Amino acid sequence: MLKRLLMVGTALTAVGSSVPAGAQDIGEVTVFHRWADEGSRLPIEAMFAVCEENLPGLEITSSYVSSDQYEVQLPVQLSSDNVPDVYGLWPGGRAVFQAQSGNILDISEEWHDTIGANFAPGMTDSVTETDGNIYVVPFNTIPNGFLYNKKVFSDAGVEAPPETWEEFEAVLAKLKESGVTPIALGARNGWEPMFWFDYLILREHGSDFRERLMAGDESYTSPEVVSTMERWKGLLEDENFHLELSGSWAEMTGAVATGVTAMELMGPWAMRAFLQAGMEPNVDFGFFQFPTINPDVALATEGAFEGWAASGKGSNTEGAVRLLECLASKEAQAAYAQGGTNLAANADVPVDVYTEDLRPILAQMSELNEYPFHQNMELATLPPVIEVADREFPRFLTYPAEYMAVLEALQARAETVFGE
Amino acid sequence: MTALVSEQQLGETRKLKAGDLARRFLRIAFLLLATFIFFVPILGSALTAVRTVGDILNNGAWALPQPFQPDNFLAAWRGLWPYFRASVIVTVPSIVGVLLIASMASYAISRLRFPGRLPIFFTLIALSFVPIQVQLIPIFKLFNAIGLFDTFYALIIVQIMRHVPFAVLVMTGFFNTVPSELREAAKVDGASEWTVYWRIFLPLARPALAALLVLEFTWIWNDLLWGLVLAQSNDKRPVTVGILTFQGEHTLSWPLIAAGAVTAALPTVLVFLMFQKHFIRGMTMGAVKG
Amino acid sequence: MARINFAPWLFLAPALLICGFFGGVPIVQSLILSLHDQTGIGAPATFVGLQNYLDLMQDRYFQDAFRNTLIWMAAFVVGVPSLATLLAVLLNSNSWFESLCKTVLFLPIALSFSVIGIIWQWIYQPRIGLLDQALTTLGMGGLVQAWLGPDLGLASVIIAAAWTQTSFSIVIVLAGLSGISRELVEAARVDGANGWTMFWRITLPLLRPAMMIVVSSALIAALQSTEIVLTMTKGGPFGTTDVLGYRMYIETFWNYRFGYGAAVGVIITLITATFVLPYLRRMISLQERDLR
C-alpha cells in the first residue's frame, strides 16, 4: 500500500517536473535472475525498490532460481511465449552466446547516451563484447586477490605481503619451511583454477593478449600460454598447493581459516566465511593483490562483474531499457551495496556503504578497480570452451606434466566454437 | 507316517534352539549396523540443521552443536512455504489422476479381452523407461504452444504421464489376483463394466492403491526437473526448487539447506507412516505377488 | 457381425491419450531434433542427418560418460538387488525392532535427488566432511581418502545413489516377501529344506515379480542419473564421474547444442530399450502364463 502511494506520489511529481508525456507509465517489467539465496537476493530487491520508487508506474515482477537451475531455466524462458523483459547475466562470453541466439538487446546506444556515464571510463571497454556491442549493465565488481591467514604468515616469519614474484616465491619458501602448504586450491566449481590461469596470463602477457585469447584470436598452444603453464607447473611441482579437487571455495576458505594452509586466490565474498569463523579483518586475515611478474606489463584486475540484460523479446522492452538505466544509477547501486561485501560497479558509490567490519579491506579491493578489469575466464569466453577448461584444468593440477594435452583440448574446442 | 515325521521335526527344533539364539543375535547385530549406516546421512543432515556456519567451519561437520540453532528450521520454513503450496497443488491432483487413470487402464488390461491387449500393456510400460531428459524440451515446446506453459495444469498432466505406466504395472498385477467369479457374478446381476470396476474392484484394491499412493507421493513430491522447466513464476515452483534457492554461489548456507531438506521430507515420511500398514500388504497382493 | 466392444477402450482412453500424446510425441520430436543442429530452443535448425551420432562416436567426453554409465549399471544391477534382498529377508518380521528398521530404511526415498547429492557431498567433503571426521575421530585417519577425487569419485557417487535406490528396493522386496504364503514355507520346511535351499528354491523364484521391478528400476536409475552427479561432482574431476544423463544436460543447457544433446538422449533411450525391454517382456509373459 505504502509502495503504491509512493509510486502515485512520484508519478505526480514527475508530471509536474516536465517529464515527456507517455513516459510516466512504464508499467510491469518482468525480471528473471539467479541471486536466489536470501543473502544475495535482498540486495537485489533493494535495488529494485529504488527503481520502483524513482520510475513512475514501474512495477517489477521478479522470479528467481539458484545458479545451477538458472542454466536450465534461462534458455527455456527465453524461448517461451512469455519472455522476461530483463534478466541477470554476466558481460562476456555468456552475453555473446545469448546474442548468437538472438535473445539479448544491444544497448550500445543507450550506454553511450546515458548509462555509461555512471561508470569509470574503463568500464566501457570491459562491457564491450567481442562483437562490438554492449548488452549488459553491470551492478557489481568482484575482484579476486589473495586472502591470507595473518597468523600463519607471521608464524612463518613473513612480515609483509609480497608485491613481486620473487617476494611471492620467498613467502612460499618460508611458509613451507614452517611446515605449511602455502596455497589452498579447490576445483569443485571449475572456476577456482581459472583464477590462477587468468592472473598468470595477465601478469606475464598483459590485458590485450588475454582479451584476444578469450575471444579466440590467440591460440592456447601459443608459446605465451605454454610459458605460463610452465610457471604454474613449477609451482605445483614444488608442492605449493594444498589441492582438494572436490573442494569448493567454501572448504578452501575453511582450510585457510583453520590454518591448514595460508592463503587462497579468491573474491571478497569469501571473507564472510572468515567472519563466520570468528576472525577479525586485518588482524586475523588480510588481503593482497596478485604480485607482478613482468614489471613491463601493466597491472590489470581479474574477477567478475554481474549485471542485467534486456531480452528485447518481452512485452515491455521500452520499460526494460528504462529499468536498466535506473539500475545503473548511483542510488540503485548504493542500495545494492549497502552493508554487503560486493563492490558496486557504479563509480560514484562511496566506500562507506559497505559492511562496516570489512570496509578497510574492501577499500583496498576497490583500488583494484582502477586497473583494467577483466571478467574471469569462466565468464569471459564462450561456454563450450569453459566446459573444456572446467574439465581439463583439474587434470593438469593432478598431472602437471601433461599441460600440453590440456592446452590442445582447449585449443581444439576454441577452434570449433570460434571458427578456423 | 505323518506322526513320525512331525515327531522327528519337533526333536530337531529343540536341538536347534541354542544355535538359533546365536543366529538371532547375529541377525539383529547385522540389522542394527546396516540400519545405522543407512541412517548416518540423515543424522548428519539433522545435526547440520541445528548448527551455525561458523561452528561447522571451526569444528567440522561431526561435532555437537555449539550453539544449538533450531531457528534454522524457522528460517527454512519461512523460505519454503510458498513452494510447499505449489508442491501440494501439483502433487495431490496428480496422485488422484495417476491412481484413477492407471486403475481404469489396469482393469481393462487385466479383466477385459480385446485385440491388442498385450501390445498396449507392453507399450504403456515401455513409456515409463523413456529418459526424462529426452522429454523435457519437446514437452516444454508443446505446452508453450498450447498456452499451458507456467500453469499447474502442465505440471499435473506431465506427472500423470510419467507415473501412470508404473502404476499400471502394479495394478494389473493386483487385478490379476482377484478371482474372476466376482466379476462374472456381478455381470449376471446386470452390473455394467463401470459398476464392476468402481464398486467391486476399486474397493478391493485399496491396499494396492495405498501402496502406490506412498510411492507416487515420494516421486512426484521430489521431482525437480519438471518443476524447473514448466514453471516460470516463483509461485508455481515446487519445494525441491525451493530448497536449492537456499544455496548461494557466494554464501554458505549448509544449515539452512539441511533444515530445508528435513522440512521438505516431512510430508513424505508422514504419508509413509500413515499408510505403512497398507503399504506392505498392498504391494504384496499386487504386482509383487508370486 | 463383429460388434466392437467399446468398454475396454473407454477404460484405456485416458491412459492412452495422456501417455501416448504427451509421452510419445516428445520421443518422436527428440528423434527428429537429434538429426539437426540447433543452437537455441526456438532457433532455426539445420538438418545434418546422422552427423550428430557420428560425432558422438568420436567424442572423448561422451566415451568417458558411456563407460562410467556402464560401470554404474553393473554396480546397480548386481549390488542393489542383492543388498536389498539380504536386508529385506532379515527384516521380514513384524516385531517393533524390524518395524523401526523398516521406517529408518525408508527415509532415504523421502529425499529428492538434488538433496541427496548435497548431503552426500557433505559426507565426502575433504577434512571437515562426515566421513573424514568419523575416520579421524575413530583413530583411523590413515584411511582418509579423496573420496570425490579421480580414483574413488565414481564409486563414491554410485554409493550415494545406491543409498536411495536400495532403500526403494527394500520396500519392494519386503512387499514381495510378505506375499509368499506361510503354508508354502512350512511345507518346504517339512520336506526338510534348510535355509539356503529354501531361499534359492522357494523364496527367490516367488520374488520374481518384485525382482522385475527392482532390477528394471535399478537399470533405469543408473542410465538416467543426472541430478545427483550435477549436485555432487558436475562430472569431475576431469570427467571421472561423468555419465550419459549429465552429458545430455551439459550439451543442451550449457553448450546450447540442442541437436547433439537430443542425440545423447536417443542413445540413452536405446540402451534402456536394449537392456530392459526383453527382460520386461519375459516377465510379463510369465505373469500372463501364471494367470491361465
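**From one bridge to the contact between chains**

Pro138(A) has Gly307(A), a residue in strand 12 of chain A, as its bridge partner. The model in which this pairing is found is a predicted one, and the description that follows should be read accordingly. Strand 4 of chain A is joined to strand 12 of chain A, which comprises residues 307-310, by three bridges, and the two strands run antiparallel.

These two strands belong to an open sheet of chain A, in which five strands follow one another in the order 2-1-3-12-4 with mixed pairing. At its edges stand strand 2 (58-64) and strand 4 (136-138) of chain A, and because each has a single partner strand, one side of each is left without a neighbour in the sheet. On average, and with direction ignored, neighbouring strands of the sheet are turned by 30° against each other. Helix 2 of chain A, residues 38-54, lies across strand 1 (27-33) and strand 2 of chain A, and its direction makes an angle of about 165° with strand 2 of chain A.

Seen as a whole, chain A contains 18 helices and 14 strands. Its radius of gyration is 22 Å, close to the 22 Å that the globule rule gives for 420 residues, so chain A is as compact as a globular protein of that length. The C-alpha trace of chain A spans about 70 × 50 × 35 Å along its principal axes, and 56% of the 420 residues of the chain count as buried. Among the contacts in chain A with a separation of 6 or more, 77% are between residues 24 or more positions apart.

In soluble globular proteins, nonpolar side chains tend to be buried together. Here the largest nonpolar core has 326 residues, of which Leu324(A), Leu327(A) and Ala105(B) touch the most other members. Helix 6 of chain B, residues 152-176, supplies the largest share of this core, with 16 residues. Beyond its neighbours within four places in sequence, Leu324(A) is in contact with Val86(A), Ile107(A), Ile115(A), Val137(A), Trp308(A) and Ala310(A).

The contact between the chains takes 27 residues from chain A and 24 residues from chain B. On the side of chain B that touches chain A, the elements giving two or more residues are helix 2 (53-59), helix 5 (132-145), helix 10 (225-230) and helix 11 (239-244) of chain B; helix 2 of chain B gives the most, with four residues. The residues on this side of chain B comprise 10 nonpolar, 12 polar and two charged.

Key
Residues are numbered from 1 along each chain as its sequence is written. Chains are lettered from A and ligands numbered from 1 in the order in which they are written. This is a predicted model: local features need pLDDT of at least 70, side-chain atom pairs count only at pLDDT 80 or more; totals for chains, interfaces and linings use all residues. A nonpolar core is a set of buried Ala, Val, Leu, Ile, Met, Phe, Trp, Tyr and Cys residues joined through C-beta atoms within 7 Å. A residue is buried if 20 or more other C-beta atoms lie within 10 Å of its own, exposed if 12 or fewer, and partly exposed in between; C-beta atoms are placed from the backbone. Two residues are in contact if their C-beta atoms, placed from the backbone, lie within 7 Å. The radius of gyration is taken over C-alpha atoms; the globule rule is 2.2 Å times the number of residues to the power 0.38. Two strands pair if DSSP finds at least two bridges between them. Axes are lines fitted to C-alpha atoms, for helices over the stretch in contact, and angles run from 0 to 180 degrees between N-to-C directions. Ala, Val, Leu, Ile, Met, Phe, Trp, Tyr, Cys and Pro count as nonpolar, Asp, Glu, Lys and Arg as charged, and the others, Gly among them, as polar.
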